[in-house]
Amino acid sequence: MTTEAEPAPAGAAGPDDAEVGRRFAAGEEQALAWAYERWAAQVHGMAVRAFGPGPDAEDVTQQVFVSAWTGRAGYRPEQGPLPAWLTGVCRHKIADTWARRDRQRRATEAAVAELNAAPAGGPAPVDSTVADRVLLLGELDRLGQPQRGIIELAFFADLTHTQIAERTGLPLGTVKSHIRRTLERLRDRLEVDGAALHA
(Lines give C-alpha, C1' and ligand atoms only; values in the text may rest on other atoms or scores of the structure.)
Protein backbone atom coordinates (compact mmCIF):
# COMPACT_ATOMS: atom_id res chain seq x y z
CA MET A 1 0.00 0.00 0.00
CA THR A 2 1.17 3.51 -0.77
CA THR A 3 2.91 5.68 1.78
CA GLU A 4 1.72 8.98 0.30
CA ALA A 5 -0.84 9.45 3.03
CA GLU A 6 -0.72 12.78 4.77
CA PRO A 7 -1.54 13.21 8.43
CA ALA A 8 -4.65 15.00 9.51
CA PRO A 9 -4.39 18.80 9.30
CA ALA A 10 -3.26 20.44 12.48
CA GLY A 11 -6.12 21.27 14.75
CA ALA A 12 -8.43 18.68 13.22
CA ALA A 13 -11.21 17.80 15.57
CA GLY A 14 -12.07 14.30 16.60
CA PRO A 15 -9.99 11.19 17.18
CA ASP A 16 -6.60 10.53 15.64
CA ASP A 17 -6.25 9.16 12.11
CA ALA A 18 -5.96 5.55 13.19
CA GLU A 19 -9.17 5.78 15.18
CA VAL A 20 -10.93 7.45 12.24
CA GLY A 21 -9.79 4.55 10.08
CA ARG A 22 -11.11 1.97 12.49
CA ARG A 23 -14.46 3.73 12.83
CA PHE A 24 -14.64 4.19 9.06
CA ALA A 25 -14.15 0.47 8.51
CA ALA A 26 -16.81 -0.19 11.15
CA GLY A 27 -19.31 1.91 9.20
CA GLU A 28 -19.61 4.84 11.57
CA GLU A 29 -20.97 7.74 9.50
CA GLN A 30 -19.18 10.36 11.58
CA ALA A 31 -15.91 8.74 10.50
CA LEU A 32 -16.82 9.46 6.88
CA ALA A 33 -17.33 13.11 7.77
CA TRP A 34 -13.96 13.22 9.55
CA ALA A 35 -12.26 11.50 6.62
CA TYR A 36 -13.70 13.98 4.16
CA GLU A 37 -12.79 16.90 6.35
CA ARG A 38 -9.19 15.70 6.75
CA TRP A 39 -8.32 14.25 3.32
CA ALA A 40 -10.70 15.66 0.71
CA ALA A 41 -8.19 18.40 -0.14
CA GLN A 42 -5.45 15.81 -0.67
CA VAL A 43 -7.70 13.71 -2.92
CA HIS A 44 -8.86 16.77 -4.81
CA GLY A 45 -5.26 17.87 -5.28
CA MET A 46 -4.45 14.54 -6.95
CA ALA A 47 -7.46 14.93 -9.24
CA VAL A 48 -6.49 18.49 -10.13
CA ARG A 49 -2.97 17.35 -11.00
CA ALA A 50 -4.51 14.75 -13.32
CA PHE A 51 -7.20 16.85 -15.02
CA GLY A 52 -6.70 20.42 -13.97
CA PRO A 53 -9.26 22.32 -11.96
CA GLY A 54 -12.79 21.75 -13.10
CA PRO A 55 -15.70 19.32 -13.11
CA ASP A 56 -13.62 16.17 -13.68
CA ALA A 57 -11.51 16.87 -10.60
CA GLU A 58 -14.63 17.62 -8.58
CA ASP A 59 -16.33 14.45 -9.81
CA VAL A 60 -13.32 12.29 -9.00
CA THR A 61 -13.12 13.71 -5.48
CA GLN A 62 -16.77 12.92 -4.88
CA GLN A 63 -16.48 9.47 -6.44
CA VAL A 64 -13.52 8.60 -4.25
CA PHE A 65 -15.40 9.16 -1.02
CA VAL A 66 -18.61 7.58 -2.27
CA SER A 67 -16.71 4.55 -3.52
CA ALA A 68 -14.61 4.32 -0.37
CA TRP A 69 -17.69 4.45 1.83
CA THR A 70 -19.68 1.91 -0.15
CA GLY A 71 -16.61 -0.33 -0.41
CA ARG A 72 -15.38 0.19 3.16
CA ALA A 73 -15.62 -3.56 3.77
CA GLY A 74 -12.48 -3.80 1.65
CA TYR A 75 -10.50 -1.50 3.91
CA ARG A 76 -8.33 -3.17 6.55
CA PRO A 77 -7.08 -0.64 9.14
CA GLU A 78 -4.37 -3.03 10.24
CA GLN A 79 -2.88 -2.98 6.73
CA GLY A 80 -2.44 0.79 6.46
CA PRO A 81 -3.82 4.21 7.26
CA LEU A 82 -7.12 5.32 5.77
CA PRO A 83 -5.68 8.26 3.76
CA ALA A 84 -3.29 5.89 2.00
CA TRP A 85 -6.23 3.68 1.07
CA LEU A 86 -8.13 6.73 -0.18
CA THR A 87 -5.13 7.61 -2.31
CA GLY A 88 -5.33 4.20 -3.95
CA VAL A 89 -9.06 4.62 -4.57
CA CYS A 90 -8.35 8.02 -6.09
CA ARG A 91 -5.79 6.53 -8.49
CA HIS A 92 -8.38 4.04 -9.70
CA LYS A 93 -10.96 6.80 -10.20
CA ILE A 94 -8.47 8.90 -12.13
CA ALA A 95 -7.70 5.93 -14.38
CA ASP A 96 -11.44 5.33 -14.88
CA THR A 97 -11.95 8.97 -15.83
CA TRP A 98 -9.09 8.86 -18.33
CA ALA A 99 -10.61 5.74 -19.85
CA ARG A 100 -14.01 7.43 -20.10
CA ARG A 101 -12.45 10.47 -21.72
CA ASP A 102 -10.67 8.22 -24.21
CA ARG A 103 -13.94 6.45 -25.08
CA GLN A 104 -15.63 9.80 -25.61
CA ARG A 105 -12.79 11.00 -27.80
CA ARG A 106 -12.93 7.88 -29.96
CA ALA A 107 -16.71 8.14 -30.25
CA THR A 108 -16.42 11.77 -31.31
CA GLU A 109 -13.74 10.96 -33.88
CA ALA A 110 -15.90 8.13 -35.27
CA ALA A 111 -18.91 10.47 -35.55
CA VAL A 112 -16.82 13.10 -37.35
CA ALA A 113 -15.40 10.48 -39.72
CA GLU A 114 -18.90 9.20 -40.49
CA LEU A 115 -20.10 12.73 -41.15
CA ASN A 116 -17.17 13.43 -43.45
CA ALA A 117 -17.80 10.18 -45.33
CA ALA A 118 -21.45 11.10 -46.07
CA PRO A 119 -22.19 12.20 -49.65
CA ALA A 120 -21.63 15.90 -50.19
CA GLY A 121 -24.66 18.11 -50.59
CA GLY A 122 -26.79 16.44 -47.95
CA PRO A 123 -30.22 15.07 -48.82
CA ALA A 124 -31.36 14.62 -52.42
CA PRO A 125 -32.52 17.92 -53.94
CA VAL A 126 -36.23 18.57 -54.22
CA ASP A 127 -37.56 18.37 -57.77
CA SER A 128 -37.81 22.01 -58.81
CA THR A 129 -41.01 21.59 -60.89
CA VAL A 130 -42.84 19.90 -58.05
CA ALA A 131 -41.52 22.46 -55.62
CA ASP A 132 -42.69 25.35 -57.81
CA ARG A 133 -46.14 23.81 -58.17
CA VAL A 134 -46.49 23.30 -54.43
CA LEU A 135 -45.28 26.84 -53.87
CA LEU A 136 -47.78 28.29 -56.37
CA LEU A 137 -50.71 26.36 -54.87
CA GLY A 138 -49.68 27.53 -51.44
CA GLU A 139 -49.65 31.13 -52.59
CA LEU A 140 -53.05 30.76 -54.28
CA ASP A 141 -54.45 29.46 -51.00
CA ARG A 142 -53.44 32.74 -49.43
CA LEU A 143 -55.49 34.77 -51.91
CA GLY A 144 -58.96 35.84 -50.95
CA GLN A 145 -61.94 36.04 -53.23
CA PRO A 146 -62.59 37.27 -55.80
CA GLN A 147 -58.85 37.44 -56.65
CA ARG A 148 -58.31 33.68 -56.45
CA GLY A 149 -61.36 32.89 -58.58
CA ILE A 150 -60.32 35.42 -61.21
CA ILE A 151 -56.77 34.01 -61.41
CA GLU A 152 -58.10 30.45 -61.68
CA LEU A 153 -60.48 31.47 -64.49
CA ALA A 154 -57.67 33.27 -66.32
CA PHE A 155 -54.96 30.65 -66.03
CA PHE A 156 -56.65 27.31 -65.35
CA ALA A 157 -59.90 27.81 -67.34
CA ASP A 158 -58.07 29.95 -69.95
CA LEU A 159 -60.82 32.57 -70.10
CA THR A 160 -60.24 36.07 -71.46
CA HIS A 161 -60.71 39.13 -69.29
CA THR A 162 -64.03 39.86 -70.96
CA GLN A 163 -65.26 36.30 -70.39
CA ILE A 164 -64.20 36.51 -66.72
CA ALA A 165 -66.11 39.79 -66.36
CA GLU A 166 -69.18 38.18 -67.89
CA ARG A 167 -68.80 35.04 -65.72
CA THR A 168 -68.30 36.91 -62.46
CA GLY A 169 -70.49 39.96 -63.17
CA LEU A 170 -67.58 42.25 -62.30
CA PRO A 171 -66.71 45.29 -64.41
CA LEU A 172 -63.98 44.56 -66.98
CA GLY A 173 -61.69 47.19 -65.44
CA THR A 174 -62.07 45.59 -62.02
CA VAL A 175 -61.15 42.18 -63.43
CA LYS A 176 -58.03 43.61 -65.10
CA SER A 177 -57.03 45.44 -61.90
CA HIS A 178 -57.47 42.28 -59.79
CA ILE A 179 -55.37 40.24 -62.21
CA ARG A 180 -52.59 42.81 -62.37
CA ARG A 181 -52.36 43.36 -58.62
CA THR A 182 -52.63 39.65 -57.88
CA LEU A 183 -49.89 38.75 -60.34
CA GLU A 184 -47.65 41.42 -58.85
CA ARG A 185 -48.31 40.07 -55.36
CA LEU A 186 -47.68 36.50 -56.46
CA ARG A 187 -44.47 37.51 -58.21
CA ASP A 188 -43.16 39.24 -55.10
CA ARG A 189 -44.06 36.37 -52.80
CA LEU A 190 -42.75 33.68 -55.13
CA GLU A 191 -39.45 35.50 -55.45
CA VAL A 192 -39.03 35.45 -51.69
CA ASP A 193 -40.41 31.98 -51.02
CA GLY A 194 -38.78 30.46 -54.09
CA ALA A 195 -35.39 31.79 -53.10
CA ALA A 196 -35.82 30.32 -49.64
CA LEU A 197 -37.03 26.98 -51.02
CA HIS A 198 -34.20 26.58 -53.49
CA ALA A 199 -31.51 27.91 -51.17
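Predicted model: local features only at pLDDT ≥ 70, side-chain atom pairs only at ≥ 80, totals over all residues.
Local features need pLDDT of at least 70 and side-chain atom pairs count only at pLDDT 80 or more, while totals for chains, interfaces and linings use all residues. Residues are numbered from 1 along each chain as its sequence is written, and side-chain values use heavy atoms, with hydrogens and water left out.

Q: Why is Thr97 called buried?
A: Buried means under 20% relative accessible area (exposed is over 50%, partly exposed in between, with a 1.4 Å probe and protein chains only). Thr97 has 4%, so Thr97 counts as buried. This residue lies in helix α4, residues 82–117. Of the 199 residues of the protein chain, 30% count as buried.

Q: What is Thr97 in contact with, leaving aside its neighbours within four places in sequence?
A: Contact means heavy atoms within 4.5 Å. On that basis Thr97 touches Phe51, Asp56, Val60 and Gln63. Val60 is 37 residues apart from Thr97 in sequence, yet their C-alpha atoms are 7.7 Å apart in space.

Q: Why are α6 and α7 called oblique to each other?
A: Axes are lines fitted to C-alpha atoms, for helices over the stretch in contact, and angles run from 0 to 180 degrees between N-to-C directions. Under 35 degrees is roughly parallel, over 145 roughly antiparallel, 65 to 115 roughly perpendicular, and the rest oblique. The axes of α6 (residues 147–155) and α7 (residues 161–168) cross at roughly 135 degrees, and therefore the pair is oblique.

Q: Which residues of α6 and α7 meet?
A: Ile150, Leu153 and Ala154 in α6 meet Ile164, Arg167 and Thr168 in α7. They divide into four nonpolar, one polar and one charged. Here Ala, Val, Leu, Ile, Met, Phe, Trp, Tyr, Cys and Pro count as nonpolar, Asp, Glu, Lys and Arg as charged, and the others, Gly among them, as polar.

Q: How do α2 and α3 pack?
A: Helix α2 (residues 29–51) and helix α3 (residues 55–70) pack at about 145 degrees, with axes 8 Å apart. The residues of their contact divide into 14 nonpolar, two polar and three charged.

Conventions
Helix = DSSP H or I, 4+ residues; strand = E, 2+ residues; numbered from the N terminus.
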